[in-house]
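Here are some notes to read alongside the model. Have it open while you go through them.

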Amino acid sequence: MKKITILLFALLSLAGCSSLEDAPYDGILRELTVRLNYPEEYAGCLREGVRIMARDMTSRNEYVAATDRGGVARFRMPKGLYRISLSDRTATGDRFNGVIEQVQLTGGEDLSVTIPLIHLFPSTLVIREAYFGGCPKTPLEGRLINDQYLIIHNNDNKVQYLDGLCFGCADPYTSASDLNTWVEKDADGNLKFQEFVPIVEAVWRFPGSGQEFPLAPGEDAVLVIKGAIDYTKEFPLSVNLDKSEYFVCHSRLHYSNEKQHITPGKNIQDAHILKVLKKTGKANAYTVAIQSPAILIFRPDDPLFDLDAYIADDSRSLAIAPGGSSQCVKIPWEWVLDGMEVFYSIKNNKRLSPEVDANPIFFTGPGLGYSLHRHLDEVASEVAGYEVYCDTNNSADDFYERKTASLHQ
């Protein structure tokens, strides 16, 4: 079980650490000093009480320390390899994320690091729920992995339109891949991302000419990624994805496998079928990774930008991973409205920049009927008068694992 310990900067002692008898350490503690570096124009945000998390990359034990008045936090922890991160929201509503990967505390010396912080902007449309792992085939044996969906939520106080919204997943396909050459580490352990997020396999786009598919504040839209039929008739632990209001990823032109890329049910409207803007992969059926995807919704930040022309120009829109051969579509980070990154092991590798997602959410595994669902911000919802979900660009904080998908009836 994950252990979480609060280490106050004024009380740094062995008693303040998580239980050490279960950890593979020799009992030697080292001090890690963490300083925060806010963007220059937000230097005044440096203050006391900002919580910083250190996660042991071997045991998954977590330690938390708070900054002092000078914006410095101090940990005393066993030697090991750590991931240091924080999500900060100020009293004025400004939000920041920061991460340092692979901070090595050795048995020899204490260490000091500085976390560069990224200023964030609240999203209008967010991913409320992701169901991608499938469920048991009860009463039969085995697991069903042909039912996948997202719920997209309008978290804003204005009407938002689905028209032209895009959906895709970041490369590599799973977080287990050790071949993520898109991301490098500098000498201080900071991850260096490309100026774009590489979208693997395909980019999908919602239909509509601009204002055909509105979402009022607090409203949801269901996007069926795979299997827009009613599976519950045969497998009661699944979900009914054949409803007229649902949108669907489907293209027989691009995906010929009729058993895996299933023809939508009779209730799905033709006007709700998403278009493949670009297919770069070789799959004959589209799917999201059933254990550890990195899911994104995005659109150009300039409404006058010609996305079709950009996508059609391979010299502008395509890239090959350094040292690799597969092509991906380049999507600028500033186009991303929301993203969530999923891990199943502490040894998995990040694909999304902290400006989109500072920390991953861990998923138990496929075939259980579980989903990942965003936490409701009860205070903000009461003030707004509609459901507002937590949005800190930190999946570890924003999401939780549901034992039953919300669309299961």
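**Notes on the model**

1. Let's start with a pairing: strand β2 (residues 29-37) runs parallel to β8, and six bridges join the two. Within that pair, R35 sits opposite T114 of β8. Strands here are DSSP runs (E, at least two residues), numbered from the N terminus, and two strands pair if DSSP finds at least two bridges between them.

2. A word on the source: this is a predicted model, where local features need pLDDT of at least 70 and side-chain atom pairs count only at pLDDT 80 or more, while totals for chains, interfaces and linings use all residues. Residues are numbered from 1 along each chain as its sequence is written, and side-chain values use heavy atoms, with hydrogens and water left out.

3. The β2/β8 pair belongs to an open sheet of three strands, ordered β5-β2-β8, with mixed pairing. β5 (72-78) and β8 (111-116) are the edges; each has a single partner strand, so one side of each has no neighbour in the sheet. On average, neighbouring strands of this sheet are turned by 25 degrees against each other, direction ignored (axes are lines fitted to C-alpha atoms, and angles run from 0 to 180 degrees between N-to-C directions).

4. E40 counts as exposed because its relative accessibility is 74% (exposed is over 50%, buried under 20%, partly exposed in between, with a 1.4 Å probe and protein chains only).

5. Which residues touch the most other members of the largest nonpolar core? They are L162, F167, W204, I295 and M340, out of 43 residues. A core here is a set of buried Ala, Val, Leu, Ile, Met, Phe, Trp, Tyr and Cys residues joined through side-chain atoms within 4.5 Å. Strand β18 (residues 196-205) supplies the largest share, four residues. Another core, of 23 residues, lies apart from it and includes L36, Y38, Y63 and L105.

6. W204 deserves a look. Leaving aside neighbours within four places in sequence, its contacts (heavy atoms within 4.5 Å) include F167, C249, H250, H261 and Y286.
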